Amino acid sequence: MQHRIFFPLLLTLLMSVTPAHAQCGIENFAFSAGESLKYDLYFNWKFVWVKVGTAAMTTTQGNFQGKKGFRSSLVTRGNSKLDGVFVMRDTLLSYTDEDLSPLYFRKGALEGKRYYVDELWYTYPNQNCHLRMHRITTSGEHIWQDKEYKTCIYDMMSIFLRARNFDASKLKEGQNIPMPISDAWRLSNSWLKFTGRTTLKMKNTKDKYRCLVFSFIEREDGKNHELIRFYITDDKNHMPVRLDMFLSFGSAKAYLASYKGLRNDMESLVK
């Protein structure tokens, strides 16, 4: 399962308590429509870090079934160097309302020789979280499920948007934060561990950033697996600048290459 969470994951915080489906929302102060983040992907090839692809995340104004909010997409593309080891063509799409409560999620993924599609539709009956789940398997089979939870559930994209708005001043080093994330198949037993602060020098630029450091951990088959260690700016943007990914086929890193349309000043950039 490790490679299914290849890139975008951050953390979650305690849910705000407000009426209706807003119980799954959070006040957004980290980003606005028009933000664009681009990354270079590197793979450890025979003890040498080689650029093997790119990733791009964009956020725009969205409207899903009459509900205004945000439309966010993440596209990861491996190049021919990575294709020789592991083919990766992932496209993720998310709609949330204005307070970042999830409304819809889709992932179309070519990972190795396996192509599949996951879809989630969210509704909030009686202040519960109901998921309509749809998976198209590699063989073309359509599998539908319906599940309902008394707590808020997120997907790989909506958790990323929500988590950028946490209050880092309330986190303690070593603290574990539960992360209720679902795909169209199952709810993962996963959490985030805050490991502290550091100043990080980038590989592909001369920039340095003050960062918060987290590890994303999933428990599977009775064992804990660190899937991603990531570094986000220690400012109001909480923008990921580097991700270390521990994959089933080796180690990979993603470095921020460029950004535009930030909502807040880049105060974490060390000059």
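This tour visits aromatic rings, then nonpolar cores, then cysteines. Keep in mind that the model is predicted.

**Stop 1: the aromatic pairs**

Searching the whole structure turns up nine aromatic pairs. Start by selecting Tyr42 and Tyr255: their ring centres are 5.6 Å apart and their planes stand at 90°, and since an angle over 60 degrees counts as edge-to-face, that is what this pair is. Now colour the strands. Tyr42 belongs to strand β1 (residues 35–45) and Tyr255 to strand β14 (residues 250–260), so the pair ties together parts that are 213 residues apart in sequence. Is Tyr42 buried or exposed? Tyr42 is buried, because its relative accessible area is 10% and buried means under 20%. Tyr255 is buried as well, at 7% relative accessibility.

Next, pick Phe166 and Phe214. Here the centres are 5.6 Å apart and the planes are at 85°, so this is an edge-to-face pair. You'll find Phe166 in the loop between α2 (158–163) and β9 (176–178), while Phe214 is in strand β11 (residues 208–220); the pair therefore ties together parts 48 residues apart in sequence. Phe166 is buried at 1% relative accessibility, and Phe214 is buried at 0%.

Then show Phe64, Tyr95, Tyr104, Trp121 and Trp144, which form one aromatic cluster.

**Stop 2: the nonpolar cores**

Which residues touch the most other members of the largest nonpolar core? Select Tyr39, Phe214, Phe216, Phe230 and Val241 to see them; the core has 65 residues. Strand β11 gives the most to this core, with six residues. Apart from it lies another core, of five residues, including Phe64, Leu93, Leu103 and Tyr104.

**Stop 3: the cysteines**

How many disulfides does the structure hold? There is one. Select Cys24 and Cys152 to find it, with the sulfurs 2.0 Å apart. The angle about the S-S bond is -90°, and the link is left-handed. Cys24 is in the segment before β1 and Cys152 in the loop between β8 (142–149) and α2, so to speak two distant parts of the chain, 128 residues apart. Both Cys24 and Cys152 are buried.

Finally, click on Cys129. Cys129 is in no disulfide, and its nearest cysteine sulfur, that of Cys24, is 5.1 Å away. Cys129 is buried at 1% relative accessibility.

Conventions: Residues are numbered from 1 along each chain as its sequence is written. This is a predicted model: local features need pLDDT of at least 70, side-chain atom pairs count only at pLDDT 80 or more; totals for chains, interfaces and linings use all residues. Side-chain values use heavy atoms; hydrogens and water are left out. Rings of Phe, Tyr and Trp (its six-membered ring) pair if their centres lie within 6.5 Å; planes under 30 degrees apart count as stacked, over 60 as edge-to-face and the rest as tilted. Helices (H or I, at least four residues) and strands (E, at least two) are DSSP runs, numbered from the N terminus. Buried means under 20% relative accessible area, exposed over 50%, partly exposed in between (1.4 Å probe, protein chains only). A nonpolar core is a set of buried Ala, Val, Leu, Ile, Met, Phe, Trp, Tyr and Cys residues joined through side-chain atoms within 4.5 Å. A disulfide is a pair of cysteine sulfur atoms within 2.5 Å.
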